[in-house]
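Take a look at the fold below. We will walk through its sheets, its core and its charged pairs.

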Amino acid sequence: MSERVDAVVVGAGAMGATSAWRLARAGRSVVVLEQFGPGHTRGSSHGATRIFRLAYRDPVYVGFAARALPLWRELEDAAGEVLLEQVGQLDHGRPESTAEVVAALRSAGRPVEELTPEAATERWPGMRFDRSVVHSPDGGRCWADRTVAAAQRLAAAAGAQVRFDTPVERIEVVGDAAVVHAGGVSWSAPVVVVAAGAWTTGLLGALVDLPSLLVEADQPSVFAPVDPSGPWPSFLHHGDPVGGVDRPLHFDAYGLETPGEGVKIGGAGTVGPADPDDASRVPDPARTGALVEYVERWFPGLDPTPVATTSCLFTTTADEHFVLDRRGPVVVCSPCSGHGFKFVPAVAAEVERLVTGSGQATAVWRIDAAR
Ligand SMILES: Cc1cc2nc3c(=O)[nH]c(=O)nc-3n(C[C@H](O)[C@H](O)[C@H](O)COP(=O)(O)OP(=O)(O)OC[C@H]3O[C@@H](n4cnc5c(N)ncnc54)[C@H](O)[C@@H]3O)c2cc1C
């Protein structure tokens, strides 16, 4: 059987579902093909929350996150629920890194406060600080599961066909069109948006000359605060360069509070290579052990026994930038590299521009730039 639509979106994670909503809202006929069921935990978007921050060392991301802010509010209005809370963000640790964060925020005209470790300890007694501390009140948390569910719901309400449990087997380019094969149907469209996260290379390898995408799993754990009333901003702990390589966005550990659950902490030695098709993904006790040691050292306000540990896929380019670009009828939407969630509605707006050719894409990461 074959069907024709204006756009096929592969993947109903955060990026695919939100892009589909925008495209359907603009009047396009859209089908979204998702290999797993709603609310699955096999990709990169599951879990209650993600860090939202404007605080980046690279001004490009400060600008992109600032652009995402009003688009988050628009998505919230459409969804009728809170998806983003600006409870603040701390960057602390290596002074060279925090200085770049301060410079990038100031040049974008965003509020930023520099504190001594002593002043920061007084304000956030649950955390330990040893070097520079920077507070950005614009930061906070996105509600991740809620966002994905809302985007899937909104896409369907705007007219998109959202098909779960429908793995895409193959994509071909025939003339100017893409033909997408899934579940016995060949979907033909002038454009296919591949928002397949960790599966991108497997799906597109032969069709688009992608940069190498490293798939890793992080296994963050949740820790209970000793004093549940304490303030818990989101945070990044910038470590010293490892092995002489200081990647542009590199940090040692990250974390944030999920009200009602605890403080989720990841990084700090918990990231390792992963196979996206391995459904078991049992947390590695050695990696959890490294995280517990980190919490014992840096968080006097947390009980260091994890209350939960999860696994989630990072898909990372060598420079930790995104891949967001178009080749013929194929839009590659792989904005992960472990830090994509905060940009979800801004990425979807870029995808819409790439699909429709309406106006210049404003923040596109080229396929051939990310090697
Ligand atoms: C542990 C962890 C912590 C993170 N923390 C933060 C944070 O604090 N702040 C932040 O901004 N970002 C964070 N991120 C990154 C952010 O979560 C990701 O950038 C984002 O969720 C990626 O969304 P996605 O839609 O690209 O990928 P996914 O959610 O993985 O969606 C891809 C979808 O494509 C589907 N798919 C794949 N292949 C096929 C196929 N052949 N056919 C049909 N469907 C297919 C998959 O099943 C999946 O549902 C974190 C990521 C992880 C893993």
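How many strands does the open sheet with mixed pairing have, and in what order do they stand? The sheet has 6 strands, in the order β10-β3-β2-β14-β24-β23. Before going on, note that this is a predicted model: local features need pLDDT of at least 70, side-chain atom pairs count only at pLDDT 80 or more, and totals for chains, interfaces and linings use all residues. Residues are numbered from 1 along each chain as its sequence is written, and side-chain values use heavy atoms, with hydrogens and water left out.

Some terms come next. Helices (H or I, at least four residues) and strands (E, at least two) are DSSP runs, numbered from the N terminus. Two strands pair if DSSP finds at least two bridges between them.

Back to the sheet of 6 strands. Its edge strands are β10 (161-163) and β23 (323-327), and each of them pairs on one side only. From one strand to the next, the twist averages 15 degrees. Look at β2 (residues 7-10) and β3 (residues 30-33): they run parallel, joined by 4 bridges. Here V8 stands opposite V31 in β3. Helix α8 lies across β14 (192-194), β23 and β24 (330-334). It runs at about 10 degrees to β23. Axes are lines fitted to C-alpha atoms, for helices over the stretch in contact (heavy atoms within 4.5 Å). Angles run from 0 to 180 degrees between N-to-C directions.

Now find another open sheet. It has 3 strands in the order β4-β9-β5, with antiparallel pairing. Strands β4 (49-52) and β5 (84-85) stand at the edges with a single partner each, so one side of each has no neighbour in the sheet. Strand β9 (residues 140-143) is joined to β5 by 2 bridges. E85 stands opposite R141 in β9. Helix α5 (residues 144-157) lies across β4 and β9, at about 40 degrees to β9.

Buried means under 20% relative accessible area, exposed over 50%, and partly exposed in between (1.4 Å probe, protein chains only). The largest nonpolar core has 57 residues. Those with the most contacts inside it include V30, W72 and V193. Helix α2 (59-79) is among the elements that each supply at least two residues. V30 touches several residues beyond four places away in sequence, among them A7, V9 and L23. A second, separate core has 30 residues, including V31 and V180.

Finally, turn to charge. Side chains of opposite charge can pair when their charged atoms come close. A salt bridge is a side-chain nitrogen of Lys or Arg within 4 Å of a carboxyl oxygen of Asp or Glu. The whole structure has 17 salt bridges. One of them joins R22 and E352, at 2.7 Å from N to O. This pair links distant parts of the chain: R22 in helix α1 (residues 14-25) and E352 in helix α8 (residues 344-356), 330 residues apart.

Are these two side chains buried or exposed? R22 is buried, at 12% relative accessible area, and E352 is buried too, at 14%. Shared partners join R22, R25, E74 and E352 into one network of salt bridges. R123 and E113 also meet in a salt bridge, 2.7 Å from N to O. Here R123 is partly exposed at 35%, and E113 is partly exposed at 32%.

Notes: A nonpolar core is a set of buried Ala, Val, Leu, Ile, Met, Phe, Trp, Tyr and Cys residues joined through side-chain atoms within 4.5 Å.
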